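Please keep the sequence and the structure in view while reading.

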Amino acid sequence: MADRATAFAPASIGNLAVGFDMLGLALDGVGDRVEARRTDGEAITIDAVYGLDGEPHPYLPTDADSNTASIAAQSFWQAHGDRGGAALTIRKGVPLQSGMGSSAASAVAAVVAVNGLLEEPLPPAKLLAHALEGEQYASGGLHADNVAPSLFGGMILCPESLLPDTVSLAVPEGISAVLLHPELQVNTAQARKRLLRSVSLPLWLEQQGYLATFIAACAANDHALIARSLKDVVIEPQRAEAVSCFEAVRDAAMRGGAAGCSLSGSGPSIFALVATARAGNLATSMEQACRAMGIECQSWVSSMSAPGARVEA
């Protein structure tokens with residue numbers, strides 16, 4: 001039985017253009033870490049929250065009832081904790097309000113960390129519902145398109161109608177994801193409230209067709225069909241104006257050979273799928289387009305089969 005456990009949970013791309021609230025992809029190289037240590041109390045508490053600079057986070061609360069990570073961990077501990085309580089130290093690696101699954105990464109890392117304290121840790125599938133408690137608090141909706149890929153890795157289909165079950169999807173060979181994060185913020189909960197409550201039947205059918213075709217194209221490793229289907233005709237048009245550099249970055253991505261380019265989650269981050277051999281150059285082109293708009297940014301290149309959350313120590 002461990003006294004301490006530290007877990008890492010990766011950032012993620014929500015929606016993946018074609019699958020609003022039901023499709024997500026884990027990202028290599030960026031994520032949150034949470035350390036859990038056993039305490040004599042009965043509840044989950046927070047020792048500290050650190051930001052990207054390693055200093056105490058100026059915005060995220062240490063009140064356990066108001067933090068995504070502790071809410072998720074408390075849900076798990078109430079159901080499965082064996083004795084005492086646990087205190088969390090949260091180290092943010094994912095920018096806030098970035099469209100990179102920041103709240104999901106914290107929730108997942110926290111649940112995986114406290115699970116690591118158990119004598120017999122539970123399998124990842126048993127953790128999803130608890131991580132979703134934290135994500136729902138942060139985003140104002142029950143959707144797993146960031147939590148599920150952060151927990152399981154790879155590309156995950158997770159419609160609400162199937163939860164807590166999810167489907168791990170085949171990913172194409174030779175294609176990587178490029179994720180660009182401009183120095184902007186978009187509040188996910190507010191962005192969701194601004195979405196239209198209904199769409200026309202023709203538009204719904206068109207988007208459903210893109211989703212089905214994209215999943216089939218990935219399974220068949222059909223790069224041309226991926227490029228034909230990686231489109232969002234419902235959500236992207238409603239959100240693109242909130243990201244001032246989106247059009248310029250998307251145009252640069254498409255000129256650079258991307259199969260498709262769209263917002264990651266509610267934005268402001270922007271992702272593209274591209275042949276792996278072109279991914280590095282594409283990231284540079286997307287960064288240049290963003291900076292030409294006067295906006296600083298950073299980017300990551302990731303496999304489409306990036307691993308999910310894990311205990312590091």
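A pocket, as the word is used here, is an open set of grid points with protein on both sides within 12 Å along at least five of seven lines, and its volume is the space filled by probe spheres set on the points. The model is predicted, and the second largest pocket in it holds about 340 Å³ of space.

**The second largest pocket**
- Of the 18 residues that line the second largest pocket, Phe20, Trp204, Gln207, Val234 and Ile235 are the closest to its centre.
- Helix α6, which covers residues 201-220, gives the largest share of this lining, four residues.
- By residue class, the lining of the second largest pocket consists of 11 nonpolar, five polar and two charged residues.

**The largest pocket**
- At least two lining residues come from each of α2 (102-115), α3 (128-139) and α5 (188-193), and α3 supplies the largest share, four residues.
- The lining of the largest pocket divides into 20 polar, 10 nonpolar and six charged residues.

**Cysteines**
- The structure contains zero disulfides.
- Cysteine 158 is buried, because its relative accessibility is 0%, and its sulfur lies 15 Å from the closest cysteine sulfur, that of cysteine 218, which is too far for a bond.
- Cysteine 261 also counts as buried, at 8% relative accessibility, while its sulfur is 10.0 Å from the closest cysteine sulfur, in cysteine 245, again too far for a bond.

Methods: Residues are numbered from 1 along each chain as its sequence is written. This is a predicted model: local features need pLDDT of at least 70, side-chain atom pairs count only at pLDDT 80 or more; totals for chains, interfaces and linings use all residues. Side-chain values use heavy atoms; hydrogens and water are left out. A disulfide is a pair of cysteine sulfur atoms within 2.5 Å. Buried means under 20% relative accessible area, exposed over 50%, partly exposed in between (1.4 Å probe, protein chains only). Ala, Val, Leu, Ile, Met, Phe, Trp, Tyr, Cys and Pro count as nonpolar, Asp, Glu, Lys and Arg as charged, and the others, Gly among them, as polar. On a 1 Å grid over the protein atoms alone, a cavity is a set of points where a 1.4 Å probe fits but cannot get out, and a pocket is an open set with protein on both sides within 12 Å along at least five of seven lines; lining residues have an atom within 4 Å of a point.
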